[in-house]
Amino acid sequence: MADVASVKDLTKSLFSKSTAIQSIPPPPPESHYVDAPVSMLDVELVQELLKTELCTSEKDIKEFNRHVASGTVLHLLAFVCRQEAAEWLLKNGAHVHAKNEEGSTALHVAALRGHTEVIQVLRHYHADVYAENKNGETALDLGQHADDVKDGLLSTRFSSEEVEEEFLQERLPALVEKVLSSTEDQLEHLLCVRAEIRASTSSMTSVPKPLKLLQEQFQQLKEAHQAMDTSKAPSKAVLADILSVLAMTVEDTERDCLTFRLAGSNESVSSFGHPYIRRLCAQIPEEWSASPSGPLVQLVRDISVYCLEHSAEPEACDLLMEIEQVDLLKELVSMEIHDRVCLYLTSCVKYVAEPEDSMLLHTALDVYRKFQQYPQALRLAMVLNEPSVIQEVFLECPDRLVRKQLAFMLGRQQVVPSIDEGACADLEDLTDIISNVHLNTNFLNLARELDIMEPKVPEDIYKTHLEHSRFSSANPVDSSKANLASSFVNGFLNTAFGEDKLLTTEGNKWIYKNKGFGMLSATASLGLILLWDVEGGLTQIDKFLYSHDDHIKSGALLACGIVNSGIRNECDPALALLSDYVLHSSNTMRLGAIIGLGLAYAGSCRDEVIETLFPVMMDEASSLEVMCVTALSCSFIAVGSCHGDLTSTFLQLMLERQVEDMSKTHVRFLALALALLYLGKQEAAEATMAALKAVPEPLSSFAVILLEVCAYAGTGNVLKLQSLLHVCSEYHGSKGEKG
């Protein structure tokens, strides 16, 4: 214990401006004068000092009571900016890391008061810029209010690298020697060593000089750490911090970097620089798989928070994905960075296997919901294809206009959630939007705004008038083929505009300029022109149903289906009209009705429509073409649903085919129909792939590849891409065939 009288004499000399500080004799080696607490000083002497330094305002007194009253003489000198006196104390053995009741050092006080001269002196004697008080504040945190203070805390202390190296070579070995000798001030020396490492690693462009100098003593320090008992817990924790960062410079086969970090003082993980955090991130997954302890969980949280706050979102996400703790992001992500985090998570989906891809999508969805980004959340819910989640996101949105936007998104994807009456105030409007009732009106309004309502003709695309006569073909194209091509071009050119110059004009005979299935296609293209116009379109198509030509009638049936495509109508005009023709005596008529139903109800998974088509596949009167097209239409309706009954039916039809049927074109529609049932379902298709091995070749191999392609369509799965590219590189011709 320091003698009060001696402390008073010392402080009088230090506080007096007339005294030459360097002439004060050093205290006896065994004395503790230099670390005397402020509470031992003469009250009048302290008050006189504060008055002399003009530190008597209410704010000054409040800061004094909080940061200095429970500290040491060094805290007081830092408070009043007596840098020469502070340097004398430090030179004569004062502890630069001595703390007050709040855990603040003299550097905290100097930073708070903005005394850059004192900061420079303290840093010269190894003061730790990143040391935290009990509130988790560093000197850097307290000095953020002034740029000169921040610069003083972070600036280089030496004029050149040579001066720095000379300083460290002089100081560090002596400090390490005192640490290894277990002196009474061992903790203070350890704090000084740690401060030097932190100061160097804050901007790590190469191996820092302190680590180079300490590298050879790693094993000695490690043995010293093992020899420490529990009575030296603070010193042992600080030494663990030093060993943790020092392990980066040696061959770390035992994960010493992470092991010592967990045994350390648990101060800010960022204090040793970003490369240190990367080393920890590399070692955490292996340790996590062995034993995810409490300290390790906290370390993961600390690293994640640091990365998220310092624009290193990918590193935080990668770490949490490695240890399968992505759910933590929901809690840690802030409003400012949630977009970048979710973008990274969704970008990673294509590179990970199931079920991790779904987990990433669920996490991104929950983050979007947390910050009320409902359009983005709904998009991910539809990617996951989970009706319950889609409904929750839709009903959760409080904004009426945003909910309408969500309704348009659902209508575009033809996803219809089940909404109870009373769940929404504007339920009727939302239902109309989701059902695409006003789709035709909205499209035509947009077309009028853009002034593109004028009907177009195929010649606008062909531009044959620009061809020079010498480049024209010597053999004119067959007129039936040319007319068929023009029918398709005309249909696509004028899709949904409601009028054209070939079919809808009064008295036009364009349909009769085609033959057979060309007439069917020309009539069906009318459905494209009248697309989504359920009320007006069906009236214009109806007259063709009374034609004497089966191809025209079949085309009219197909046009009815096209017009109703994507529109949900309470009257179900497409089902009511087309269901009467699916078992027609003419296979041509059947084709138009069956394909029309498939297009009209594509993606709806309507059981009654599937039940209407199901008997066609079992009817002996159905040709192979009709049977296969019916299967394809059923798969349009139940696309991506993994429909069990349809799957077993399609497999049965494949197995029952004769060997000569296996090479026919229409049989491939069966394989496509089966594949569409598993569109985007990934691993859910594996059992069906195995069942397809029983199907005779060459259909079996074709069906397996097609099923795999559809199951992983749109997923971006890199492993599947590599597998399919490998298939492309193989030669599949017969042995005698030359490729």
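Which residues of helix α13 (residues 218–227) are buried? I looked them up and got Phe218, Leu221, Lys222, Ala224 and His225. Looking down the axis of α13, I found these buried residues within an arc of 160°, so they line one face of the helix. The general rule is that an α-helix has 3.6 residues a turn, so residues three or four places apart point the same way. I then turned to the other face of α13, away from the buried side, and noted the exposed residues Gln226 and Ala227 there.

Confidence next. The model is predicted. I read a mean pLDDT of 83 for the chain. Of its residues, 89% reach 70 or more. Where does pLDDT stay under 50? I found that over residues 1–5. For that stretch the model has seven contacts beyond four places in sequence.

Then the charged pairs. Side chains of opposite charge can pair when their charged atoms come close. How many salt bridges are there? I counted 19. I went through a few of them.

Entry one is Arg255 with Glu287. Their side chains meet in a salt bridge at 2.7 Å, N to O. The pair links distant parts of the chain, 32 residues apart. I placed Arg255 in the loop between α14 (233–246) and α15 (256–263). Glu287 sits in helix α16 (residues 274–290). Are these two buried or exposed? Both Arg255 and Glu287 are buried.

Entry two is Arg590 with Asp619. I read 2.8 Å, N to O, for this salt bridge. The two residues are 29 residues apart and link distant parts of the chain. Arg590 is in helix α33 (residues 587–600). Asp619 is in the loop between α34 (607–618) and α35 (624–637). I checked accessibility for each partner. Arg590 has 3% relative accessibility, so I logged Arg590 as buried. Asp619 has 24%, so Asp619 went down as partly exposed.

Lys720 comes out at 24% relative accessibility and counts as partly exposed. Glu708 comes out at 12%; that is why I list Glu708 as buried. I also noted a network: Asp60, Glu63 and Arg113 are joined by salt bridges that share partners.

What is the volume of the largest pocket? I got about 1500 Å³. I counted 41 residues in its lining. Closest to the centre of this pocket are Met382, Val383, Leu384, Asn385 and Lys681. Helices α21 (356–370), α22 (374–384) and α23 (387–396) are the elements that give two or more residues to the lining. The largest share, five residues, comes from α22.

For cavities, I counted three of 30 Å³ or more. The largest cavity has a volume of about 130 Å³. I found 15 residues lining the largest cavity. Which of them are closest to its centre? I wrote down Gln414, Gly566, Ile567, Arg568 and Ser604.

Definitions and conventions
Residues are numbered from 1 along each chain as its sequence is written. This is a predicted model: local features need pLDDT of at least 70, side-chain atom pairs count only at pLDDT 80 or more; totals for chains, interfaces and linings use all residues. Side-chain values use heavy atoms; hydrogens and water are left out. Buried means under 20% relative accessible area, exposed over 50%, partly exposed in between (1.4 Å probe, protein chains only). Helices (H or I, at least four residues) and strands (E, at least two) are DSSP runs, numbered from the N terminus. The arc is that of the directions from the helix axis to the C-beta atoms. A salt bridge is a side-chain nitrogen of Lys or Arg within 4 Å of a carboxyl oxygen of Asp or Glu. pLDDT is the predictor's confidence in each residue, from 0 to 100. Contact means heavy atoms within 4.5 Å. On a 1 Å grid over the protein atoms alone, a cavity is a set of points where a 1.4 Å probe fits but cannot get out, and a pocket is an open set with protein on both sides within 12 Å along at least five of seven lines; lining residues have an atom within 4 Å of a point. Grid points are joined across faces, edges and corners, and a volume is the space filled by probe spheres set on the points.
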